[in-house]
Amino acid sequence: MPLVCMRQLLDEAAKGGYGVGAFNVNNMEQIQAIMEAGRETNSPVIVQASRGARSYAQDRYLYHLMIAATELYPEIPTVLHLDHGNSPETCRSAIEMGFTSVMMDGSLMPDGKTPSSFEYNVEATRQVVAMAHARGVTVEGEIGCLGGIEDGHGAGLSGLAHLTDPEQAAEFVKLTGVDALAIAIGTSHGAYKFKEKPTGATLKMDRLIEIHHRLPSTHLVMHGSSSVPKELQDVINAYGGKLKPTWGVPIEEIQLGIRNGVRKINVDTDNRLAITGAIRKVFVESPEKFDPRDYLKPAREAMKKVVVERMISFGQAGHAGDYEPVPLSVMAQRYAQ
Ligand code: G3H
Ligand code: 13P
Ligand code: ZN
């Protein structure tokens, strides 16, 4: 089956009361890890690429690797999503390349770090919704800003600096017509989210629940949702790495989110940790090896294991065959109505 739009995956997830992980990729091995995890757990799949990924791998490589994935895994509904598009132009180029879903992150200015005004965000997002929906492509918007800046996405402040205001979120959805809404509830991108296990003071699940009550039929998106498990940190540090102690978003909090309207959960850092730990282990234990396959295979396996675990705990496992994918042309007609 061809790449499918994200809207349908999230609508189905809402009906089934589960969430769908969205995993970042930059290369073939990461795509393979996700697709294998999707097959093993019979899950619908969202693969996402950031601007950094697009420039690292080049759009054409990414796109054709994803087409290969749809040919090799025809039973898995698979979405190719742009993560944190910084401008309508970035979203346009992704749509033209064949992405079936885009995020217009107008919570920040196009520099990816300066918080924007509500008016700017609405205007930029509306433009993208018009352009994307005309082609049946899904749009995710963001209101409120995530913390952290280590990967270039975030206001560079604490995750609590720009929490989403529920009233503003409702206004934003009404004015833009987005299909999914990313919200800020205290998380940040990267490994260093919390200095201890998060509590209600640092991870604002009450805010998420309030937003869900205000917008019961909007698909909510949790960014910065890696759990940063200690086991993955330990492997890296056991083999010469230097990670400082840190905490991520506990799986039980994500599951609470899923019971309250969260349909898409973004995970990148956990996979980066798994890959790096596996590679470090080979380098330390077998320093005589120099065939990249000797360390890329265990790296791919380690990432697949993380993705399988997330697919099971988010509840998407078992749901790949629940529905017939709707072609983008039909989605475009539905939006037009
Ligand atoms: O949004 C953050 C993702 O982890 C992507 O990170 O911009 O380094 O590719 P990146
Ligand atoms: P993590 O850094 O927590 O994996 O978040 C990824 C993300 O939100 C991508 O948009
Ligand atoms: Zn993000």
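**Helix packing and the zinc site**

In the predicted model, Gln127 is located in helix H6, which spans residues 118-133. With a relative accessible area of 41%, Gln127 is partly exposed, as this value falls between the limits of 20% for buried and 50% for exposed residues. A separation of 24 Å was computed between the C-alpha atoms of Gln127 and Val326, two residues that stand 199 positions apart along the chain.

The helix that carries Gln127 packs against helix H7 (residues 166-176) at an angle of about 35°, and the two axes are 9 Å apart. The crossing of H6 and H7 is right-handed. On the H6 side, the contact is formed by Phe118, Asn121, Val122, Thr125, Arg126 and Val129; H7 contributes Gln168, Glu171, Phe172, Leu175 and Thr176. Classified by residue type, this contact between H6 and H7 comprises 5 nonpolar, 4 polar and 2 charged residues.

The contact of H2 with H12 contains 9 nonpolar, 4 polar and 5 charged residues.

The model also includes a zinc ion (ligand 3), for which the protein donors are three histidine side chains: His84 through NE2, His189 through NE2 and His223 through ND1. His84 belongs to strand E3 (residues 78-85), whereas His189 is situated in the loop between strand E6 (180-183) and helix H8 (205-214), so the pair ties together parts of the chain that are 105 residues apart in sequence. His84 has a relative accessibility of 3% and therefore counts as buried. His189 is likewise buried, its relative accessible area being 9%. Both values are under the 20% limit that defines a buried residue.

Technical notes:
Residues are numbered from 1 along each chain as its sequence is written. Chains are lettered from A and ligands numbered from 1 in the order in which they are written. This is a predicted model: local features need pLDDT of at least 70, side-chain atom pairs count only at pLDDT 80 or more; totals for chains, interfaces and linings use all residues. Side-chain values use heavy atoms; hydrogens and water are left out. Donors are N, O and S atoms within 2.8 Å of the metal (3.2 Å for Na, K and Ca); water is not among the atoms, so sites may look incomplete. Helices (H or I, at least four residues) and strands (E, at least two) are DSSP runs, numbered from the N terminus. Buried means under 20% relative accessible area, exposed over 50%, partly exposed in between (1.4 Å probe, protein chains only). Ala, Val, Leu, Ile, Met, Phe, Trp, Tyr, Cys and Pro count as nonpolar, Asp, Glu, Lys and Arg as charged, and the others, Gly among them, as polar. Axes are lines fitted to C-alpha atoms, for helices over the stretch in contact, and angles run from 0 to 180 degrees between N-to-C directions. A crossing is left-handed if the near helix is turned anticlockwise from the far one by less than a right angle, and right-handed if clockwise. Contact means heavy atoms within 4.5 Å.
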